[in-house]
Amino acid sequence: MDGNGRWAEKKGKIRVFGHQAGVKSVRRCVSYASQNGIKALTLFAFSSENWKRPQSEVSTLMELFFTVLSREVKKLHKNNICLRIIGDLSAFSARLQEKIHQAELLTKDNTGLVLNIAANYGGRWQIAHAAQQLCQQVQQGTLTVADINEQNLDKQLKDLPLSDVDLMIRTGGEQRISNFLLWQLAYAELYFTDTLWPDFDEASFAKALASFGNRERRFGHTSAQVQAKQG
Ligand code: IPE
Ligand code: MG
């Protein structure tokens with residue numbers, strides 16, 4: 001979700017105004033995903049590098065995160081959405097951590113859209129964290145060194161309700177991954193748009209999905225193989 005700051009600056013407003021508008025866009029996209037049969041939506045809200053921003057912007061973002069969680073969680077629950085926050089939550093205030101915990105607890109058995117919010121998240125952090133957990137199992141004797149392979153690392157990462165990503169959308173014009181879901185993006189289709197996040201609406205989402213629908217996903221196979229399989 002990139003481009004909130006620029007969206008606000010273009011309107012002669014302060015950056016925070018853009019983040020507030022970004023929340024509206026989140027609401028719109030969550031509801032679109034939920035109503036259109038998307039199984040999981042992961043939103044990159046705050047990266048582990050975003051702490052480098054001016055202190056005032058960081059604290060506003062934290063405050064916004066807290067109020068949005070408080071305000072929206074009942075509605076998410078009503079819509080059968082399962083909310084998960086992924087990232088290193090230990091850096092957040094106790095108050096925010098508690099709010100996150102309550103929200104996850106309330107919605108954990110919901111069977112609709114899985115909504116992952118990546119907060120203080122970094123793809124490298126997540127892989128390192130999973131590796132650490134596997135090493136602990138080796139230390140405890142429940143796993144051998146040879147078991148530290150792709151399959152087990154993948155399984156460890158999937159302890160979080162995250163699986164391979166089909167489509168990654170980045171708004172705001174930059175064409176990079178910025179330490180998002182590095183492991184899970186291995187075979188994702190990438191979609192970049194100049195649209196700034198607060199302007200990303202249902203039509204923009206539909207356009208991204210249409211582009212995804214036109215891709216041929218070969219996963220290493222040849223085009224002929226894929227077509228033969230599709231019959
Ligand atoms: C994305 O918008 C939102 C967050 C990272 C919280 P930006 O804040 O990165 O907006 P730009 O890129 O400065 O326009
Ligand atoms: Mg940005």
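Where does Ser90 lie? Here are some notes to read alongside this predicted model.

1. Let's start with that serine. Ser90 sits in the loop that runs between strand 2 (82–86) and helix 4 (94–107). Is Ser90 buried or exposed? Ser90 counts as exposed because its relative accessibility is 55%, and the cut-off for that label is over 50%. The side chain of Ser90 has a polar contact with the side chain of Asp88, at 2.6 Å.

2. Next, the ligand. Which residues surround ligand 1? The shell consists of Met1, Asp2, Gly3, Asn4, Gly5, Arg6, Arg15, His19, Ala45, Asn50, Arg53 and Leu61. By type, these residues divide into 3 nonpolar, 5 polar and 4 charged. Helix 1 (4–10) and helix 2 (15–35) each contribute at least two residues to the shell, and helix 1 gives the largest share, with 3 residues.

3. Now for the polar atoms around the ligand. An N or O atom in the side chain of Arg15 is 2.9 Å from an oxygen atom of ligand 1. From the backbone, an N or O atom of Asn4 lies 3.1 Å from a ligand oxygen, and a polar backbone atom of Gly3 is 3.4 Å from an oxygen of ligand 1. On its own, ligand 1 would expose 390 Å², and the protein buries 87% of that area.

4. Asn50, one of the residues surrounding ligand 1, deserves a separate look. Asn50 is located in the loop between strand 1 and helix 3. Why does Asn50 count as buried? The relative accessibility of Asn50 is 17%, and buried means under 20%, so the residue falls in that class. Apart from neighbours within four places in sequence, Asn50 is in contact with Ala45 and Val58. Ala45 is also part of the shell around ligand 1.

5. The largest nonpolar core has 29 residues, and Val30, Leu41, Phe65, Leu83, Leu96 and Leu115 are the ones that touch the most other members. Helix 2, strand 1 (40–47), helix 3 (55–78), strand 2, helix 4 and strand 3 (114–121) each supply at least two residues of this core. Helix 3 provides the largest share, 8 residues.

6. Setting aside neighbours within four places in sequence, Leu83 is in contact with Leu69, Leu76, Ala103, Glu104, Thr107, Leu115 and Ile117. There is also a second, separate core of 10 residues, with Ile86, Ala118, Phe180 and Ala188 among them.

7. Finally, have a look at Arg217, in the loop between helix 7 (202–213) and helix 8 (223–230). What does the side chain of Arg217 make a polar contact with? The partner is the side chain of Asp166, at 2.8 Å. The Arg217 side chain also reaches the backbone oxygen of Tyr187 at 2.8 Å. Beyond neighbours within four places in sequence, the contacts of Arg217 are Val165, Asp166, Tyr187, Ala188, Glu189, Phe212 and Val226. Of these, Ala188 belongs to the second core; Arg217 and Ala188 are 29 residues apart in sequence and 9.0 Å apart in space, C-alpha to C-alpha.

How values were computed:
Residues are numbered from 1 along each chain as its sequence is written. Chains are lettered from A and ligands numbered from 1 in the order in which they are written. This is a predicted model: local features need pLDDT of at least 70, side-chain atom pairs count only at pLDDT 80 or more; totals for chains, interfaces and linings use all residues. Side-chain values use heavy atoms; hydrogens and water are left out. A residue is near a molecule or strand if one of its heavy atoms lies within 4 Å of it. A polar contact is a pair of N or O atoms within 3.5 Å; within protein, one must be able to donate a hydrogen and the other to accept it, and residues adjacent in sequence count only if both atoms are side-chain atoms. Accessible areas come from the Shrake-Rupley method with a 1.4 Å probe; for residues, only the protein chains shown count as cover. Helices (H or I, at least four residues) and strands (E, at least two) are DSSP runs, numbered from the N terminus. Ala, Val, Leu, Ile, Met, Phe, Trp, Tyr, Cys and Pro count as nonpolar, Asp, Glu, Lys and Arg as charged, and the others, Gly among them, as polar. Buried means under 20% relative accessible area, exposed over 50%, partly exposed in between (1.4 Å probe, protein chains only). A nonpolar core is a set of buried Ala, Val, Leu, Ile, Met, Phe, Trp, Tyr and Cys residues joined through side-chain atoms within 4.5 Å. Contact means heavy atoms within 4.5 Å.
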